[in-house]
Amino acid sequence: MKGKLLSWMKGSVRIRIAGGFCERFLNLCAYHNIRLWSLHPVENGYEAELSLNGFRHLKPLVKKCHVNVRILEKRGIPFFLFRHRKRKALLFALLGACSLICFLSLFIWDIEIVGNRSVTDERILDYLNMEQIHQGILKSTLDYRQLAADLRQYFPELTWVSVKLQGTRLLIDLKENGDRAEEAEDSAPADLISDVDGVIVRMVTRAGTPLVSAGTAIRKGDLLVSGSVELLNDSGEVYGYQYTAADADIFVKTEYSYQDTVEHKQLKKRYTGNVTSRRLLKIGALQAGLPFFGNPYEQYDCVADTRQLRLLENFYVPVFYSKIVLREYRTTWQICSPEEAEEQLNRNLQNFLEKIQQKGVQIFQNNVKIESTDSVSTAGGTLVLLQKAGRRTALATQNQKEGIPAE
Amino acid sequence: MKRKKRPLRSRESGRKQELLSRISEKALIPEDIAAGSSCITVTGQNELVIENYKGILEYNPEKLVILTKQCRVEICGKRLEILYYAREEMKIKGKIECIAYKK
């Protein structure tokens, strides 16, 4: 393949050798480093291919062996250029295309993010937009090291960031490690504060000084377990503090007010089954749709599948091709019976309860009642939940409080 | 008494080849380098690569005779085609039926 491409670029000729001493001619070619390929005998001679450069050195050998050499075919760029030497427009178009490719390669036309799980592509792209990094910026304006450092700083979840440029594609390779961040947080001195309102049912303290006990009513933001542990001397006086990361299992009984409404008259979306597709070509800021006439539907869902043109694996160019599928629907008012509405409310409630149970919340009491009027059904009431409370906050040590710098 | 030259030369060259091959064997040098022996690689029945030759003596679709330093190599077959022919190496394609070494 490589050899074929090279011979095409340098030019090659197919010749017929006849008369005289053909074998001697072939041997002389080999002796003078003129490589022949696809050599096969034909009637009264041989046919072979050789490079254009080799052909230029054939003349003395032809004379020496008294053979007759005839060109059967010419292949390759030199012959193509010679044949089209008078077509100035073609030459300019070729030069223009080459310079356009060179010009386009100065910009970034694609941003690819790999290795992220919890930090979504959208969040990273939003941040990049905020930093004025988007498709179409000059490669030279980008400071890769700075961008990698900024990304690490902006998203603390990222433990490793690599920013690379491959062709016209900006490749951001990330690694996240939630566990390590948690571990680091674990070891730092911290207080445990409440993140819910309610009454403590059960409490087990593992580290720190408990400030509340079972039966205490707490509010959001109350300090539950302090991370500072008093150090007492023999006479029971405080001589210092030891700081730790407060840790406790605190179960709190909380009340949650649940409200849900279902109207009997509902606007429903119904697909008619009519589907049409459009093609959209976008070059830079210009875009053209096919077919040109407008959308045939009044109400429709639109799904677009967009692809970007690339010349090589990493050479993206600002040409986008989209296939847009339009799916028609009609909205109609539907009236459901109170029983159906109640059924839906029950379904919603069950879904909600399942969802909170998955988070580890236990349901202590369910006082939700469903009532219906002529036009609307409502589910309302309180849910008594048993859930784990406590959120860590950074602890201000005694030294920090007094303004003494840490050693 | 008249001496016959050809048999003597042939005997001398035979001895020289033998000596060279023995030296190359002892010195652990490949024979194709030391004695200039041709190296033929045959893949299946359809492909043959030959190195270290002097030239082509005869070539038609059924027979290809190659002159090497020590002997003539005759390749008989059908639809024989030389894929490439260079100074050091040539590759032959076709249905190879027989490879013969002739003095």
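Helices (H or I, at least four residues) and strands (E, at least two) are DSSP runs, numbered from the N terminus. This is a predicted model: local features need pLDDT of at least 70, side-chain atom pairs count only at pLDDT 80 or more, and totals for chains, interfaces and linings use all residues. Residues are numbered from 1 along each chain as its sequence is written, while chains are lettered from A and ligands numbered from 1 in the order in which they are written.

**View 1. Elements of chain B.** Chain B holds two helices and six strands. Their order from the N terminus is α-α-β-β-β-β-β-β. Of its 103 residues, 18% count as buried (20 or more other C-beta atoms within 10 Å of the residue's own, with C-beta atoms placed from the backbone; 12 or fewer is exposed, in between is partly exposed). Take contacts in chain B between residues at least 6 apart in sequence: 30% of these join residues at least 24 apart. Contact here means C-beta atoms, placed from the backbone, within 7 Å.

**View 2. The side of chain A that touches chain B.** Here 13 residues of chain A are in contact with 14 residues of chain B. On the chain A side, helix H2 (22-31) and strand E2 (36-42) each supply at least two residues. E2(A) gives the largest share, six residues. By type, this side of chain A has seven nonpolar, four polar and two charged residues. Nonpolar covers Ala, Val, Leu, Ile, Met, Phe, Trp, Tyr, Cys and Pro; charged covers Asp, Glu, Lys and Arg; the others, Gly among them, are polar.

**View 3. Strand pairing across the two chains.** E2(A) pairs with strand E5 (residues 72-85) of chain B, antiparallel, over three bridges. Two strands pair if DSSP finds at least two bridges between them. A:Trp37 stands opposite B:Tyr84 in E5(B).

**View 4. A:Leu36 and the largest nonpolar core.** A nonpolar core is a set of buried Ala, Val, Leu, Ile, Met, Phe, Trp, Tyr and Cys residues joined through C-beta atoms within 7 Å. The largest has 31 residues, of which A:Leu26 and A:Leu36 touch the most other members. Leaving aside neighbours within four places in sequence, A:Leu36 is in contact with A:Leu26, A:Cys29, A:Ala48, A:Leu50, B:Tyr84 and B:Tyr85. Another core lies apart from it, with twelve residues, including A:Val212, A:Leu224, A:Val225 and A:Ile250.

**View 5. Two partners of E12(A).** Strand E12 (residues 223-226) of chain A pairs with strand E8 (residues 190-193) of chain A, antiparallel, over two bridges. There, A:Ile193 stands opposite A:Leu223. Strand E10 (residues 209-210) of chain A also pairs with E12(A) in the antiparallel sense, over two bridges. A:Thr209 has A:Ser226 as its bridge partner.

Note on methods: Contact = placed C-beta atoms within 7 Å.
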